[in-house]
Amino acid sequence: MLPSKVVRHKAGRFLPVILAGLILAACSGQGPQTSTVNIQGPVTASSAYYLQQAQQSSDDSKTDWQLLAIRALLKEGKYPEATQQLSQLPQQLSETQQQESLLLNAQLLIAQQKTKEAEPLLAQVKTGALSQDQLARYYSLQIASAQGRPSLSLVRSYIAQEPLLKGTDHQGNIDATWQTLTQMSPQEVSNLVINADENVLQGWLDLLAVWRANAQDAEMLKSGIKDWQTRYPQNPAAKTLPTQLSQMQSYTKASTSLIALLLPLNGQAQVFANAIQKGFNDAKNGLSAPAAQPAAAAQPAEAAASTQPTAVAGSASDPISAPQQQQQQPAETAAQPQSQPIAAQPASSAQIKVYDTSSQPIEQVMQQAQQDGATIVVGPLLKSNVEKVANSQTPLNVLALNEPEQIQNHPNICYFALSPEDEARDAAHHIWDQGKRQPLLLVPRSGLGDRVTNAFAQEWQSLGGTTVMQQRFGSTAELKQGINSGAGISLSGTPVNAAPAASQGVSIAGLTIPAPQQSTPDAVSTSSGGSVDAVYIVSTQDELQLIKPMITMRTGSRSNISLYASSRSAQAGAGPDFRLEMDGLQFSDIPLLSGSNPGLMQQTAKSFNNDYSLVRLYAMGMDAWTLANHFNQMRQTPGFTLDGNTGRLSANTDCVINRKLTWNQYRRGEIAPAN
């Protein structure tokens with residue numbers, strides 16, 4: 001009997017295990033359950049897979065599969081299909097489904113450049129009900145809706161998103177936070193009001209202050225960053241430095257013991273070369289530090305409104321042309337800037353040797369500079385010479401003062417130019433940042449008009465904009481004939497057929513918003529009664545005095561179309577009548593001529609007899625000195641920026657120096673900073 005008892009005992013002991021196994025087996029044999037469809041997690045399959053699952057599923061789980069399919073469609077850039085699926089969602093959604101639906105609708109609107117319509121949807125999202133993956137997507141949408149415009153809310157979105165990210169997405173968040181902060185002017189940063197408990201944000205702002213105070217001295221910057229990391233050990237940037245600052249930790253300053261300055265000292269370009277050389281020498285001797293950002297309350301004097309040379313250094317077709325022959329007269333009743341002391345810096349011990357590129361071939365000049373022991377070359381100025389230097393395989397570091405037609409990326413060459421194309425690209429950013437989306441370009445029928453149009457359109461498309469319209473005008477005589485006839489200027493034109501720059505979508509934390517596809521419409525006209533909301537005018541002052549009234553003839557004085565102009569139309573000598581006539585128009589110029597350093601501007605303008613085309617080139621010379629002393633930073637540091645006399649300077653991956661200009665506006669007969 002004993003064996004039978006033992007068997008019964010063992011059977012009773014294993015019965016619960018057997019029953020549990022049967023239950024699990026039964027469960028595993030059933031079809032997909034609603035609980036297995038996780039709409040709050042990442043999307044890992046294609047839209048076709050999710051759509052198939054939705055067709056094969058019951059009503060309870062079908063909606064969840066549809067939501068996953070919509071996310072996949074958006075990720076794949078299939079916006080019409082996503083729109084169709086969104087419209088087919090049932091009216092009654094669970095709380096979790098409703099939150100996901102809000103995120104998807106907002107994402108679709110942002111992808112379609114309808115950020116204003118997306119904002120109310122994002123405001124309805126209950127962040128407390130979201131998973132970490134959804135939160136990361138939510139903040140990505142907040143970031144995308146900002147459209148790259150630096151603001152306190154954008155920085156806060158990056159900070160909130162940071163703990164939710166890993167790997168390259170995390171580093172991307174750190175770099176984007178830093179880039180947003182560095183794009184804000186010192187005045188904007190000083191006006192920020194933050195909460196007492198925003199310790200991470202305060203740490204970021206302190207790091208920005210350390211960088212701006214020590215950006216000119218690599219060793220001081222390294223020490224400052226180390227001290228900052230000690231004070232803010234828990235800040236995400238203390239653990240993972242922005243790439244720009246991380247690379248600056250290993251930065252080695254380029255030698256500037258002997259600088260070769262290559263300029264044409266004879267011929268038509270001599271007057272330009274003299275202005276650049278004077279600025280270069282004055283900066284070397286410590287006359288003035290790089291310009292600070294002008295205070296928002298600063299009132300640029302009328303004398304700061306500058307002229308544009310027929311073609312400044314760096315223009316595309318005529319690298320250098322003769323200066324304007326007309327005599328520049330002082331402003332009639334302009335308020336002159338109060339004389340202020342000029343900021344002095346210690347003079348450098350570097351040796352400068354000037355070489356005349358107009359007396360011998362550029363190849364010989366470069367060879368001689370190398371034999372003389374030059375450690376860096378600044379120049380040449382003429383476009384043809386820059387192209388030859390770029391093709392020469394020189395071992396010397398070169399800061400060229402112009403750009404070739406085709407930029408070549410060499411590890412030892414940077415390109416610094418003042419050009420109409422440069423202004424046009426900056427204008428595209430300024431107009432975009434002001435919320436305009438349908439620009440019209442009014443440009444001359446000339447090579448200058450072609451270059452400006454292409455540069456603006458390519459930059460506009462890189463920002464996410466679509467079609468740019470253009471209208472050409474002829475001579476001053478033609479414009480006068482138009483105004484005498486009362487015809488005015490109709491704000492209509494034809495699309496610019498410029499090859500778009502490389503577009504980039506938004507891709508953060510698994511959220512991908514592909515860039516909008518660019519269409520090439522047929523040549524059509526868009527009238528002022530249509531969608532044009534901004535006009536960028538490239539003209540002389542005489543032409544602008546005719547163009548603006550002709551626009552008013554057709555649109556009326558109360559038109560909400562914003563007008564913008566390049567510095568080509570701003571000249572000394574324009575009196576109060578001109579300023580009143582230009583009321584509302586915004587125009588760009590370099591910081592030195594916009595009140596950033598009134599003492600230096602006043603002194604320089606006097607030395608050049610109020611010819612502000614030469615003042616610009618003088619400022620270029622000053623900035624060339626500063627850039628030469630930061631050559632390795634430009635080449636080695638992504639996101640390199642500094643505040644210069646010709647603009648806020650930054651270097652792209654090809655080491656082409658871009659300039660962010662100062663924008664002013666005519667208001668009630670005065671000149672004030674543009675909003």
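Cys 414 and Cys 655 are joined by a disulfide, with 1.9 Å from S to S; the term covers a pair of cysteine sulfur atoms within 2.5 Å. By this rule the count comes to one disulfide. This is a predicted model, where local features need pLDDT of at least 70, side-chain atom pairs count only at pLDDT 80 or more, and totals for chains, interfaces and linings use all residues. Residues are numbered from 1 along each chain as its sequence is written, and side-chain values use heavy atoms, leaving out hydrogens and water.

Back to the cysteines. The torsion about the S-S bond of Cys 414 and Cys 655 is about 75 degrees, so the disulfide is right-handed. Cys 414 sits in strand E5 (residues 413-415), while Cys 655 is in the loop between strand E15 (648-651) and strand E16 (657-660), so the pair ties together parts that are 241 residues apart in sequence. Strands (E, at least two residues) and helices (H or I, at least four) are DSSP runs, numbered from the N terminus. Cys 414 is buried, at 0% relative accessible area, and Cys 655 is buried too, at 1%; buried means under 20% (1.4 Å probe, protein chains only).

Now for the sheet. Eight strands form an open sheet with mixed pairing, in the order E8-E7-E6-E11-E12-E13-E17-E18. Strand E8 (494-495) and strand E18 (670-673) stand at the edges, each with a single partner strand, so one side of each is left without a neighbour in the sheet. Two strands count as paired if DSSP finds at least two bridges between them. E8 is joined to strand E7 (residues 469-473) by two bridges, and the two run antiparallel. Here Gln 470 stands opposite Thr 494 in E8.

Conventions. Buried means under 20% relative accessible area, exposed over 50%, partly exposed in between (1.4 Å probe, protein chains only).
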